[in-house]
Amino acid sequence: MTENPLTKIPIVMTIAGSDSGGGAGIAADLKTFASFGVHGTCAITSVTAQNTTGVLETFDLAPGAIASQIEAVCSDMKIKWAKTGMLASAEIVKQVAKQVKKHGLSLVLDPVMAAEAGGDLLQKEAFSVLIEELLPLCKVTTPNAFEAGALAGIPVKNPEDAKLAARKIADLGVEAVIVTGGHLDATDLIYESVSDTFTRIPGTFVSGGTHGSGCTYSAAMTACLACDDRLEISAMKAKNFVVQAIQRSMPVGRGVGPVNPLGKALEDKERYLALEDVKEAVLILADSHEFAKLIPEVGCNIGMAIPGARNYEDVAAVEGRIVRCRGRANPVGCIDFGASKHVAGVILAALREQPGIRAAMNVKYSEEILATCRSLGLGISLFDREKETEGVSTIDRGSSEAIKEYGGVPGVIYDEGGVGKEPMIRLLGTGASELAKLAVELARKIE
Ligand SMILES: Cc1ncc(COP(=O)(O)OP(=O)(O)O)c(N)n1
Ligand SMILES: Cc1nc(C(=O)O)sc1CCOP(=O)(O)O
């Protein structure tokens, strides 16, 4: 049985069903494990024909097939923490209990009973076996209010009911019960039987698809516990993780949208790439002997947005802009998200129309510079700076108008200025460093 000897990455297991719609079950669990940087393994208990509108059919695996999967993994890898999800039948619950004992697994039990969009996932006869044979073997269970009520045998309609239910469930032999607050007041409640204490993890409701949120929560708990986080820290991390996975859910079907456990990790990667791209762009501009002559009075900025950017905080640019000093371009501050309003406004308007256009920069306006842009083959559009719309930023309104007028996103959007407003040329493109190279080429052609 091996742990990864070089990195000691924890190896965890999910014993759960598959959701053909890719939202819940092992799909959610394995994505969550990957996001937490642990190695995820799985033993499939049932195959469900399921989508965002509900469960259409389920096909339970033979208990022997489930045992064989667990055996295959546990005889080869060192697994301490595992989680269970959909267990379907009494025979499956019994077999899983046997395997948990045999391999000494520390278990997080997600008492899956039904799919949010509709469909039973635990047979009636399996319920008492779950309570009698598996629950006493688990370290942590993570019911939602409905599941907590079913396990405790009382209705759970408010935080006080949740407390009562948590104690009753712990009395069944569980070390820690976490009643998740998604169906109550968004506060998760932890009850630890050894200390007879309650801890509340407050939260707020967020909008987004929630299909698979229970699986994702219990998988996140498993990953954190496998990384030796304390119970309370694990619960806080798991809650935050589910919140951001709900916020990044994608409307992939007609029903309840699935959570997106990988969304934050991918976004973080895109943020890093955007920062790196602007960093490279600034180096190109600062290295150039010619570029400084294109810097306008107000300074220039160059920005790069993450895919799907929605606001200034999604655009990386230079704090304090880039200014001319001793004939060279000098960045004033660091490169960060939210550092630009004007250039970021142009980018946000552009990517609403054409998502691939994620970079822009502003340069000085002159007829010569504009003509040189034209000679470089760049498409050009303009807007009237003097037209003001109450409550709408001029850049946002102007860029959108210029894009509409052009019939797509042009390579250049300019305006001829207004009272107290410097005229400006903006270059637009797919990447910041590419734009910086274009700006240097442009500068070389200007007298
Ligand atoms: C195969 C499978 N396992 C578990 C569930 C329930 O998942 P959960 O995370 O509780 O989310 P909802 O179904 O309530 O959205 C499932 N649906 N399918
Ligand atoms: C002042 C100003 N106006 C611009 C325009 O495009 O009209 S670009 C610009 C300078 C850059 O500003 P920021 O750092 O907010 O992007």
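Me: In this predicted model, does Cys300 count as buried or exposed, and at what relative accessibility?

Reply: The cut-off for a buried residue is under 20% relative accessible area. Cys300 falls under that cut-off and therefore counts as buried, its relative accessibility being 0%.

Me: How many disulfides does the structure hold?

Reply: A disulfide requires a pair of cysteine sulfur atoms within 2.5 Å. The sulfur of Cys215 is too far for a bond, because the closest cysteine sulfur, in Cys42, is 13 Å away. Cys300 is in no disulfide either, with the sulfur of Cys373 as its nearest, at 13 Å. For the structure, the number of disulfides is zero.

Me: Is Cys215 buried or exposed?

Reply: The limit for a buried residue is under 20% relative accessible area. Cys215 has 12% relative accessibility, so the class of Cys215 is buried.

Me: Which domains does the domain assignment give, and how many Å apart do their C-alpha centres lie?

Reply: The assignment divides the protein chain into domain 1 (5–261) and domain 2 (266–444). For residues 19–260, an unreviewed UniProt entry lists "domain: Pyridoxamine kinase/Phosphomethylpyrimidine kinase". That span is 41% helix and 19% strand, and its end C-alpha atoms lie 14 Å apart. Between the C-alpha centres of domain 1 and domain 2, the separation is 47 Å.

Me: Where is Asp196 found, and what is its phi?

Reply: The loop between strand E8 (188–192) and strand E9 (197–201) contains Asp196. At 40% relative accessibility, this residue counts as partly exposed. Most residues other than glycine have a negative phi. Asp196, although not a glycine, has a positive phi of about 50 degrees.

Me: What is the phi of Arg321, and where is this residue found?

Reply: Arg321 is not a glycine, yet its phi is positive, at about 70 degrees. Its relative accessibility is 32%, so Arg321 counts as partly exposed. Arg321 is found in the loop between strand E11 (315–318) and strand E12 (322–325).

Me: What span should helix H10 have, and how far apart are its end C-alpha atoms?

Reply: Helix H10 (residues 342–353) has 12 residues, and at 1.5 Å a residue it should span 16 Å. This agrees with the distance between its end C-alpha atoms, which is 18 Å.

Me: Which elements do the buried residues of H10 pack against?

Reply: H10 is mostly covered, with nine of its 12 residues buried. Among them are Val343, Val346, Ile347, Leu348 and Leu351. The packing partners of the buried residues are strand E10 (302–305), E11, strand E15 (359–364), helix H12 (394–406) and strand E18 (424–429).

Definitions and conventions: Residues are numbered from 1 along each chain as its sequence is written. Chains are lettered from A and ligands numbered from 1 in the order in which they are written. This is a predicted model: local features need pLDDT of at least 70, side-chain atom pairs count only at pLDDT 80 or more; totals for chains, interfaces and linings use all residues. Side-chain values use heavy atoms; hydrogens and water are left out. UniProt positions are given in the numbering used here, feature names are shortened, and annotations may be inferred rather than shown by experiment. Helices (H or I, at least four residues) and strands (E, at least two) are DSSP runs, numbered from the N terminus. Domain bounds come from an automatic or database domain assignment. Buried means under 20% relative accessible area, exposed over 50%, partly exposed in between (1.4 Å probe, protein chains only). The expected span of a helix is 1.5 Å times one less than its number of residues. Contact means heavy atoms within 4.5 Å.
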